[in-house]
Amino acid sequence: MTDKLGELSAAGVAIWLDDLSRVRLSSGGLDQLRREKHLVGVTSNPTIFAKALSAADEYNWQLKDLAIRGVDVEEAVRMLTTYDVRWACDVMRPAYDASAGVDGRVSIEVDPRLAHETEKTVAEAGALWWLIDRPNLFIKIPATEAGLPAITATLAQGISVNVTLIFSLDRYSQVMEAFLAGMEQAKANGHDLSKIGSVASFFVSRVDSEADKRLEKIGSAEAKALRGKAAIANARLAYQRYCEVFGSDRWQALADAGAHPQRPLWASTSTKNPDYRDVMYVEDLIAPGTVNTMPEATIHAFADHGEVRADTVTGCYDDARKVFSDLQAVGVDMADVVAVLEREGVEKFEASWLELLDGVQKSLAEAAKGTGQPGRAAKGNARAAEQAGGNA
């Protein structure tokens with residue numbers, strides 16, 4: 001049989017998994033994907049962790065230990081999630097070593113409630129970096145206005161960064177500027193640039209979800225004909241900007257010092273509309289030096305019926321600009337589309353984080369019942385959860 005994932009990798013697309021759980025780790029499933037499906041990276045987010053912790057018994061022993069210690073819910077969440085990410089880093093270490101530190105990366109996100117607080121984001125990034133203590137870790141920082149200087153400051157400390165929740169072309173340009181400034185500062189601070197990695201997570205399917213909703217409301221034949229086109233056009237134009245920035249003299253100076261480019265990472269690549277081809281956000285975004293992080297179902301779907309048609313991005317810039325022009329002509333304001341998505345993206349991750357806190361609080365209370373200390377754990381965690389809700 002044709003190895004379609006192997007062909008995708010050979011075309012310059014790094015295959016990452018958009019999921020992480022202790023079941024996946026303890027069963028050997030993650031390592032199997034690395035060995036058999038060309039998997040070279042992992043991304044996680046608050047929604048993924050909330051789902052993982054609500055659906056598995058593998059966390060029970062650790063929850064019991066945390067309950068015995070009487071820790072609050074904030075510390076418990078940090079211990080549980082960093083344990084999984086550290087384990088995943090070890091599983092992916094062969095890919096890290098084989099790629100000289102480019103791949104084999106595992107991402108963990110800063111508390112999304114800090115998305116609009118620069119100094120706290122930088123401090124949280126440092127704490128996670130020290131706690132997990134693996135060279136193939138990525139700290140995820142959202143591309144909010146407050147996140148941009150946090151990205152620069154974190155990179156300047158020699159900490160690798162996955163910039164997340166990028167929707168707009170202009171914000172993406174700001175992210176690349178933040179990366180270059182951070183790497184220049186890291187160099188000035190004496191860090192080995194070859195050890196610092198970064199990706200810029202440009203979200204895809206959510207753009208179509210929001211744009212399609214507006215196109216359906218407009219309802220004309222011209223509007224409906226544009227459904228499913230905005231996201232890929234947006235991502236292709238982002239790649240054009242990437243090529244411009246990383247073809248500059250400014251970047252070359254950093255490359256000469258050992259730096260790796262900040263690769264564009266296509267995120268949110270499962271199709272939300274069942275009418276669309278299930279691998280369209282993979283097939284239509286094949287370009288050298290990119291990352292595509294997929295749910296496992298999408299990985300298997302591409303292995304089964306995906307098509308690698310060489311580079312499907314760099315020759316399509318004019319078509320992408322025409323899609324944007326046509327969207328404007330029918331009344332879709334793409335600037336507003338991406339602004340809404342950024343705001344909602346942060347809000348959704350905050351909600352997932354609070355869901356995670358609530359689930360862990362309840363689990364700790366249950367675990368504490370078996371330790372003879374239900375009051376200590378449950379009351380402490382209730383206070384912490386109440387404070388977390390008030391700060392969101």
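**Notebook: spaces and helix packing**

The model is predicted, local features need pLDDT of at least 70, side-chain atom pairs count only at pLDDT 80 or more, and totals for chains, interfaces and linings use all residues. Residues are numbered from 1 along each chain as its sequence is written, and side-chain values use heavy atoms, with hydrogens and water left out.

For the terms I wrote down that, on a 1 Å grid over the protein atoms alone, a cavity is a set of points where a 1.4 Å probe fits but cannot get out, a pocket is an open set with protein on both sides within 12 Å along at least five of seven lines, and lining residues have an atom within 4 Å of a point. Grid points are joined across faces, edges and corners, and a volume is the space filled by probe spheres set on the points.

**Cavity**

I counted one cavity of 30 Å³ or more. I then listed the lining of the largest cavity, which includes Gly101, Val102, Arg105, Phe138 and His260. By class this lining has five nonpolar, four polar and two charged residues, where Ala, Val, Leu, Ile, Met, Phe, Trp, Tyr, Cys and Pro count as nonpolar, Asp, Glu, Lys and Arg as charged, and the others, Gly among them, as polar.

I looked up the largest pocket next and found a volume of about 690 Å³. Its lining has 35 residues, and Asp18, Asn45, Thr47, Ile48 and Pro295 lie nearest its centre. Among the elements that give two or more residues to this lining are helix H4 (46-54), strand E5 (161-166) and helix H18 (334-369); helices (H or I, at least four residues) and strands (E, at least two) are DSSP runs numbered from the N terminus. H18 gives the most, with five residues. I sorted the pocket lining by class into twelve nonpolar, 13 polar and ten charged residues.

**Helix pairs**

I took axes as lines fitted to C-alpha atoms, for helices over the stretch in contact, with angles running from 0 to 180 degrees between N-to-C directions.

I saw that helix H9 (residues 147-156) and helix H10 (residues 169-188) pack at about 25° with their axes 7 Å apart. That angle makes H9 roughly parallel to H10, since angles under 35 degrees count as roughly parallel, over 145 as roughly antiparallel, 65 to 115 as roughly perpendicular and the rest as oblique. The contact (heavy atoms within 4.5 Å) involves residues including Leu148 and Ile151 of H9 and Val175 and Phe179 of H10. By class I noted ten nonpolar, four polar and one charged in the contact of H9 with H10.

I also found that the axes of H11 and helix H13 (residues 230-245) come within 7 Å and cross at roughly 135°, which makes H11 oblique to H13. Val207, Asp208 and Ala211 of H11 meet Ala230, Ala231 and Asn234 of H13, and these residues divide into four nonpolar, one polar and one charged.

Last, I checked helix H8 (residues 118-132) and H9, whose axes come within 9 Å and cross at roughly 35°. Their contact is made by Thr118, Thr121, Val122 and Ala125 of H8 and Pro149, Ala150, Ala153 and Thr154 of H9.
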